[in-house]
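User: I have a model open and want a quick walk through it. Can you take my questions as they come?

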Amino acid sequence: MEEKHIIIIGASSGIGLNATIQFATMGWKIGIAARRIDKLISLQQQFPHNIIAIEQIDITHNDANTKLLSLIDKIGGLDTLLLASGIGSQNPDLDLSIECDTVSTNVLGFTRIVDTTFNYFRKRPSNIPPGQIAVISSIAGTMGLGIAPSYSATKRYQRHYIDALEQLAHFEKVNVRFTDIRPGFVDTPLLNNCRKFPMLMSVDYATPRIVKAILHRKRVSIIDWRWKIVVMFWHLIPNFIWRKFPAR
């Protein structure tokens, strides 16, 4: 069977951690990255018979691109990138540090990793199977949420950015495909273990569906059917009504 190579950014917890375990079980060669190197070492030791390479990467740092390329070299190539690293907070008081940190991670860091990967696939021969860039965006990018301005705006940015790259790839005949994964609320450290969110999904429920979307190379995947209905109705709400909507 042909070897598959995947790099997972944000593998120290939540969806990235659980996705790493699933791809390792399937026998993929994996590169994992996050800020917390101790978590990566622990994960690597769980699968001594798999090729799991690690790299400490903070996507907000300027050296993230070179470290990503180093990680690609460590596993001998790249077929799929899963970018599961991101932050978000409810911030109706507009604490400036929260807003700016969110933009730094979800916009600048996101762009740094996605562009580096796109340029890597740009240089690959056209006669091999297309590469894949999969990102965890959010249903929060559907509309601007007053309770979480920077989070919803940055997730919208991510969706539009890969739309633009898909068009660029078509014009330049870059051999790459995109998967935009839009979960609802998943019980991960991002939510600070708060169980008050509506239609909350366990990470054990969400991750296999995310992995399936990646394997099937779905262009857009809203993970849960309930959230598909919510998003469908959100699209129908005109702006003059949405601005009065008590989103919490």
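Analyst: Let's start in a loop. L94 sits in the loop between strand 4 (80–83) and helix 4. Keep in mind that this is a predicted model.

User: What is the phi of L94?

Analyst: Phi of L94 is near 55 degrees. That is a positive value in a residue other than glycine. Most residues other than glycine have a negative phi.

User: Where is R217, and what is its phi?

Analyst: R217 is in the loop between helix 6 and strand 7 (220–222). Its phi is near 55 degrees, again positive in a residue that is not glycine.

User: Is R217 buried, exposed or partly exposed?

Analyst: R217 counts as partly exposed, because its relative accessibility is 31%.

User: New topic. How many residues are in the largest nonpolar core?

Analyst: The largest nonpolar core has 40 residues. Those with the most contacts inside it are I8, F23, I30, I32, L82 and I181.

User: Which helices and strands each supply at least two residues of this core?

Analyst: Among the strands, strand 1 (5–9), strand 2 (29–34), strand 3 (52–56) and strand 5 (131–136) do. On the helix side there are helix 1 (14–25), helix 2 (37–46), helix 6 (203–215) and helix 7 (225–236). The largest share, five residues, comes from helix 6.

User: How are I181 and S85 separated?

Analyst: They are 96 residues apart along the chain. Their C-alpha atoms are separated by 13 Å.

User: What about L71: which helix, and buried or exposed?

Analyst: L71 is in helix 3. L71 counts as buried, because its relative accessibility is 0%.

User: What does L71 touch, not counting residues up to four places away?

Analyst: L71 touches I7, then G31, I32 and A33, and also A53, I54 and E55. L71 and I32 are 39 residues apart in sequence, with a C-alpha to C-alpha distance of 8.0 Å.

User: On to helix packing. At what angle do helix 3 and helix 4 pack?

Analyst: Helix 3 (residues 64–75) and helix 4 (residues 96–122) pack at about 45 degrees. Their axes are 9 Å apart. So helix 3 is oblique to helix 4. The crossing is right-handed.

User: Which residues make that contact?

Analyst: From helix 3, A64, N65, L68, L69 and I72. From helix 4, R112, I113, T116, T117 and Y120. By class, this contact of helix 3 with helix 4 has six nonpolar, three polar and one charged.

User: How do helix 4 and helix 5 cross?

Analyst: At roughly 15 degrees, with the axes of helix 4 and helix 5 (residues 149–172) coming within 10 Å. Helix 4 and helix 5 are therefore roughly parallel, since angles under 35 degrees fall in that class. Helix 4 passes helix 5 in a right-handed crossing.

User: How does the contact of helix 4 with helix 5 split by class?

Analyst: It has 14 nonpolar, six polar and five charged residues.

User: Last pair. At what angle do helix 1 and helix 6 cross?

Analyst: Roughly 60 degrees, and the axes of helix 1 and helix 6 come within 9 Å. That makes helix 1 oblique to helix 6. This crossing of helix 1 and helix 6 is right-handed.

User: Which residues of helix 1 and helix 6 make the contact?

Analyst: Helix 1 brings G14, I15, N18, A19, Q22 and F23. Helix 6 brings V203, D204, T207, P208, I210, V211, I214 and L215. The contact of helix 1 with helix 6 has nine nonpolar, four polar and one charged residues.

Note on methods:
Residues are numbered from 1 along each chain as its sequence is written. This is a predicted model: local features need pLDDT of at least 70, side-chain atom pairs count only at pLDDT 80 or more; totals for chains, interfaces and linings use all residues. Side-chain values use heavy atoms; hydrogens and water are left out. A nonpolar core is a set of buried Ala, Val, Leu, Ile, Met, Phe, Trp, Tyr and Cys residues joined through side-chain atoms within 4.5 Å. Buried means under 20% relative accessible area, exposed over 50%, partly exposed in between (1.4 Å probe, protein chains only). Helices (H or I, at least four residues) and strands (E, at least two) are DSSP runs, numbered from the N terminus. Axes are lines fitted to C-alpha atoms, for helices over the stretch in contact, and angles run from 0 to 180 degrees between N-to-C directions. Angles under 35 degrees count as roughly parallel, over 145 as roughly antiparallel, 65 to 115 as roughly perpendicular and the rest as oblique. A crossing is left-handed if the near helix is turned anticlockwise from the far one by less than a right angle, and right-handed if clockwise. Contact means heavy atoms within 4.5 Å. Ala, Val, Leu, Ile, Met, Phe, Trp, Tyr, Cys and Pro count as nonpolar, Asp, Glu, Lys and Arg as charged, and the others, Gly among them, as polar.
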